[in-house]
Structure formats: structure tokens, C-alpha cells
Amino acid sequence: MTVTQSEPVASGAAGGLPTKVRDCGTAPPHPRPAGRDQYTISEVAEHTGLSAHTLRWYERIGLMPHVDRTHTGQRRFTNRDLDWLSLVTKLRLTGMPVADMVRYAELVRAGESTFAEREHLLTAHREDVRQRIAELQSTLDVLDYKIDIYADARRASERF
């Protein structure tokens, strides 16, 4: 899915910076309909791969910013909400605890005065991710070594 890393600004926040967008170059499983900026929870679930239950839970725990509703109470997600969910999904994929993601969301909603704390939170998490990547690389090296042993043994037995 295209990861557009934008941060929602609290409604009515004065002096909010323009949204910073970065495309990580992967295609969404279901592209957004052109010219639309309102989606039902089922459309968002299909687009993101998250269940409707998870989307409701994210909203309930404060991980999602306020989601608009129709006069009948149905949620109406915007492109900005989809952008935020893309970021949240990537953070979750990196193993960030939900509590840290909620804290990050709170800091984003608090505005520009929290830039330093947001940077610190993400920098610490990046270090955790790098350590896990190093551990996985070490494990991959062991697997490659074992596979090479078996491949060499198989090739040797095929020669006789």
C-alpha cells in the first residue's frame, strides 16, 4: 500500500504545518477511488486490510483522530484518515507497541510543541527496529549456513 506519512493536525489547531507526504513506492492493494474523500468503514477495511472491529478499536483507544460521522452515525473516513492508517500500519509492522502508537497519536494531536518528544519516541523505536533487523540477519546467516551444508551434501551424494 502506498504509505503516505502524514500526521493529522488537531481540528482547529492554529499554525499547523503543511502535511508532509512521502511515498514509499508500494502500490495499494485496492486503489482509492479517484475524486473521493469519504469512505465507509467497510471500504476502509477493504483498502487497508484492517478489520472493521480493529478500526473501531483504534478510534476507541485514541489511535485514530476524530472520524466524522453522517447524520445517521455512520463513520466517514477521509483520505487523511487513510494516510494516518497507512502510517499506523507501518508502525505496527515494525513492532511498535500499541501504547507507544497511542502516545505518538496524542503527541501529534497536541501540535508542534511536541516535535522533540515525537522525534525521541520514533528515534528510540528505530533503534529497536535496527536491533531486531540485526538479530534477524544473524539468524538468516545461520539458516544460509545450514542450507549450504545440506546442498553440498546433496550435490556430493549425487556425484557417486
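User: Is G62 buried or exposed?
Analyst: The model is predicted, and G62 sits in its loop between α2 and β1 (68–69). Buried means under 20% relative accessible area. The relative accessible area of G62 is 16%, so G62 is buried.

User: Which residues does G62 touch, not counting residues up to four places away in sequence?
Analyst: G62 and A105 are 43 residues apart in sequence. In space they are 7.3 Å apart, C-alpha to C-alpha. Not counting residues up to four places away in sequence, G62 touches A105 and R109.

User: What pattern does the protein chain follow along the sequence?
Analyst: The protein chain has five helices and two strands. Of its 160 residues, 30% count as buried. Read along the sequence, the pattern is α-α-β-β-α-α-α.

User: Among contacts between residues at least 6 apart in sequence, what percentage join residues at least 24 apart?
Analyst: The pair G62 and A105, 43 residues apart in sequence, gives one case of residues that touch. For the protein chain, among contacts between residues at least 6 apart, the share that joins residues at least 24 apart is 55%.

User: At what angle do helix α3 and helix α4 pack?
Analyst: Two packed helices are described by the angle between their axes and the distance between the axes. Helix α3 covers residues 79–93 and helix α4 residues 98–110. Their axes are 10 Å apart, and α3 passes α4 in a right-handed crossing. The angle is about 145°.

User: How many nonpolar residues are in the contact of α3 with α4?
Analyst: From α3, the residues W84, L87, V88, L91 and R92 take part. They meet V98, M101, Y104, A105 and V108 in α4. By class, this contact has no polar residues and one charged residue, and the number of nonpolar residues is nine.

User: How far apart are the end C-alpha atoms of α3?
Analyst: α3 has 15 residues.

User: What covers the buried residues of α3?
Analyst: The buried residues of α3 are D81, L82, D83, W84, L85, S86, L87, V88 and L91. Just after this helix, G95 takes a positive phi of about 90°. What covers the buried residues of α3 includes α1 (41–48), α2 (52–61), β2 (75–76), α4 and α5.

User: What arc do the buried residues of α1 cover around the axis?
Analyst: In α1, the residues I41, V44, A45, H47 and T48 are buried. They are on the same side of α1, because the arc they cover around the axis is only 165°.

User: Which elements do the buried residues of α1 pack against?
Analyst: α1 is followed by G49, whose phi is positive, near 85°. The buried residues of α1 include I41 and V44. The elements they pack against are α2, β2 and α3.

User: Which residues is H125 in contact with, leaving aside its neighbours within four places in sequence?
Analyst: H125 is found in helix α5 (residues 115–159). With a relative accessible area of 9%, H125 is buried. Leaving aside neighbours within four places in sequence, its contacts are L91, T94, G95 and M96.

User: Which helices do the buried residues of α5 pack against?
Analyst: α5 has 45 residues and reaches 64 Å from its first C-alpha to its last, close to the 66 Å expected at 1.5 Å a residue. Its buried residues are R118, L121, H125, V129 and A151. The helices they pack against are α3 and α4.

User: Which residues is R69 in contact with, leaving aside its neighbours within four places in sequence?
Analyst: R69 has its place in strand β1. At 42% relative accessibility, R69 counts as partly exposed. Leaving aside neighbours within four places in sequence, R69 is in contact with E59, Q74, R75 and R76.

Definitions and conventions. Residues are numbered from 1 along each chain as its sequence is written. This is a predicted model: local features need pLDDT of at least 70, side-chain atom pairs count only at pLDDT 80 or more; totals for chains, interfaces and linings use all residues. Side-chain values use heavy atoms; hydrogens and water are left out. Helices (H or I, at least four residues) and strands (E, at least two) are DSSP runs, numbered from the N terminus. Buried means under 20% relative accessible area, exposed over 50%, partly exposed in between (1.4 Å probe, protein chains only). Contact means heavy atoms within 4.5 Å. Axes are lines fitted to C-alpha atoms, for helices over the stretch in contact, and angles run from 0 to 180 degrees between N-to-C directions. A crossing is left-handed if the near helix is turned anticlockwise from the far one by less than a right angle, and right-handed if clockwise. Ala, Val, Leu, Ile, Met, Phe, Trp, Tyr, Cys and Pro count as nonpolar, Asp, Glu, Lys and Arg as charged, and the others, Gly among them, as polar. The expected span of a helix is 1.5 Å times one less than its number of residues. The arc is that of the directions from the helix axis to the C-beta atoms.
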